[in-house]
Each structure stands twice: as structure tokens, then as C-alpha cells.
Amino acid sequence: MKTLRTLAVVALGMLSATLFAAEASAQAVKPAVARNVVLVHGAWADGSSWAEVIARLQAAGLHVTAVQNPLTSLPDSVAATRRALALQVGPTVLVAHSWGGTVISETGMDPKVTALVYVAARAPDAGEDFVALSAKFPTMPVRAGVQERDGYTNLSEEAFLKYFANGVAREKAEVLYAVQEPAAASLFGERTTVAAWRSKPSWYAVSKLDQTISPDLERFLAARMKATTVELDAGHLSLVSHAQEITDLILAAAGRSK
């Protein structure tokens with residue numbers, strides 16, 4: 001009996017060691033090295049919102065494409081991103097800001113995509129009513145500045161500068177306001193058919209001072225997808241106000257971090 005107990009203890013110890021080694025190995029796995037980055041902007045913005053991140057990524061030797069997201073419908077935006085992905089050669093990191101997270105959650109299943117990066121972004125599950133999910137979290141101040149006309153929305157200048165671009169230098173915020181792209185009012189209620197983050201490695205940048213999307217909602221989304229997460233003392237446009245930190249996160253997802 002003593003021999004059996006001894007064997008059982010030894011076997012249990014070996015199993016524990018094996019499981020520990022497997023866990024340590026999994027944690028040590030590095031992200032796939034990517035050569036391309038595709039950037040998807042959100043509502044009330046255009047591709048130029050990524051300008052400072054683009055310059056840094058290019059300086060790091062990456063091939064970068066910023067999608068000019070039409071914001072007319074989810075299918076239209078998905079199609080634009082798929083066209084951009086079709087032009088990439090080799091492993092690609094797919095990045096989104098704000099509503100653009102809906103787009104990469106749908107398009108991230110592309111086999112070229114090795115990682116997903118969400119920047120203060122939506123990250124819906126397949127078929128999820130994201131409006132209902134958002135309603136469980138605080139309504140943010142920017143909402144009061146949403147203006148609708150002929151089925152499209154934009155932000156008032158006051159709401160854009162004070163809440164959407166909080167933390168961004170005034171002169172930069174005014175330029176971003178001038179190029180904001182109207183978003184179809186129906187856009188925000190449309191649903192994805194897949195959730196790429198369920199099968200692709202994901203990274204998430206939470207904006208702790210966000211006045212557009214609740215930081216607690218961002219934290220919930222990051223935790224749900226088990227993302228590698230950073231929290232920044234930034235407003236919604238962290239890609240502008242904290243371009244270096246966002247670049248570093250993308251480089252990590254691309255297997256290029258030092």
C-alpha cells in the first residue's frame with residue numbers, strides 16, 4: 001500500500017510538472033512576426049487619424065495601410081477592409097479604433113491576420129446586440145453632441161473638441177474635427193456574424209479618460225477576449241495623444257517589441 005501511495009505521489013508530481021511546463025511554454029510563446037499593419041478608423045474620423053502612428057510604424061520597418069472606412073454600413077466597411085487585406089503579402093496585424101473594432105471582429109478571420117489590436121474600440125461577439133451591451137455601462141458625455149441629418153450622424157464642434165478629442169492638443173483636434181467623416185445612423189446597431197478575437201491573439205488599449213466609450217466597457221471587452229491589455233491616461237483619441245504607446249502595442253502584436 002505504501003508503495004502504491006509513493007507511486008501515486010510521484011505520478012502526481014510528474015503530471016503537475018508537465019502541466020506547469022506546458023503552461024510556462026504557452027506563456028513564453030511569442031507573437032507571430034508580421035510585416036504588415038492594416039489600420040481601421042472609427043466613426044467621425046478618417047484614415048488621417050492614424051497619421052502619427054503610421055509614421056512610427058513605418059520607421060520600425062513595417063508596411064502600413066490605413067483603410068478609408070466608408071462608414072455607410074457594416075458590409076461596406078467590411079468590404080473596404082477586405083480589399084486592403086487582399087493587397088497584403090504575408091502576416092498582417094489588423095488594428096482598429098472605436099467603431100472600427102466591429103469591422104476587425106468580422107474581418108479578422110482572414111488567414112493573413114496573425115493578431116488583432118483594439119484601441120478604445122468596440123469588440124462585439126458574433127450576433128451580439130452591442131447597443132444593449134453598451135447600455136449596461138455609463139452613457140458618456142459625447143452622446144449629447146451627436147447630430148443626425150438625412151440618416152447620417154456627426155459630432156458638434158463642442159462635443160468633438162471637449163469629449164471626443166479630450167487630451168488632444170487644440171490645434172490637432174480642430175484639424176480632426178474638420179475631416180470627420182459622417183457615419184450612417186444605422187451603423188451602430190449592425191451586428192457581426194463572427195468574432196475573430198475568439199480565435200486570434202488580441203491586444204487592447206483602454207483609455208482611462210475616455211468620454212466617448214465607457215472605460216469600464218473597454219475593460220470588460222478586453223477581459224472577455226483575454227487580450228494583452230494596457231491602460232493609458234488618455235481620452236478616446238489615444239492614437240493621437242499617445243501615439244508612441246499605441247505604436248508600441250502594435251509592435252508587440254507584430255512580434256517586433258524589443
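Which residues of helix α2 (residues 51–59) are buried? They are Val-53, Ile-54 and Leu-57. Buried means under 20% relative accessible area, with a 1.4 Å probe and protein chains only. The three cover an arc of only 100° around the axis, which puts them on the same side of α2. An α-helix has 3.6 residues a turn, so residues three or four places apart point the same way.

This is a predicted model: local features need pLDDT of at least 70, side-chain atom pairs count only at pLDDT 80 or more, and totals for chains, interfaces and linings use all residues. Residues are numbered from 1 along each chain as its sequence is written, and side-chain values use heavy atoms, without hydrogens or water.

What do the buried residues of α2 pack against? Their partners are β1 (36–40), β2 (63–67), α9 (238–241) and α10 (243–253). Contact means heavy atoms within 4.5 Å. Just after α2, Gly-61 takes a positive phi of about 95°.

Most residues other than glycine have a negative phi. Leu-71 is not a glycine, yet its phi is positive, about 60°. Leu-71 sits in the loop between β2 and α3 and is buried, at 0% relative accessible area. Ser-98 also has a positive phi, near 55°. Ser-98 is in the loop between β3 (92–97) and α4, and counts as buried at 8% relative accessibility.

Now the helices that follow these loops. Helix α3 (residues 74–86) packs on helix α4 (residues 100–107) at about 60°, with axes 9 Å apart. The contact includes Leu-74, Val-78 and Leu-85 of α3, and Val-103 and Glu-106 of α4.

How values were computed: Axes fitted to C-alpha atoms, helices over the stretch in contact; angles between N-to-C directions. Helix = DSSP H or I, 4+ residues; strand = E, 2+ residues; numbered from the N terminus. Buried < 20%, exposed > 50% of the residue type's maximum accessible area, 1.4 Å probe, protein only. Arc of directions from axis to C-beta.
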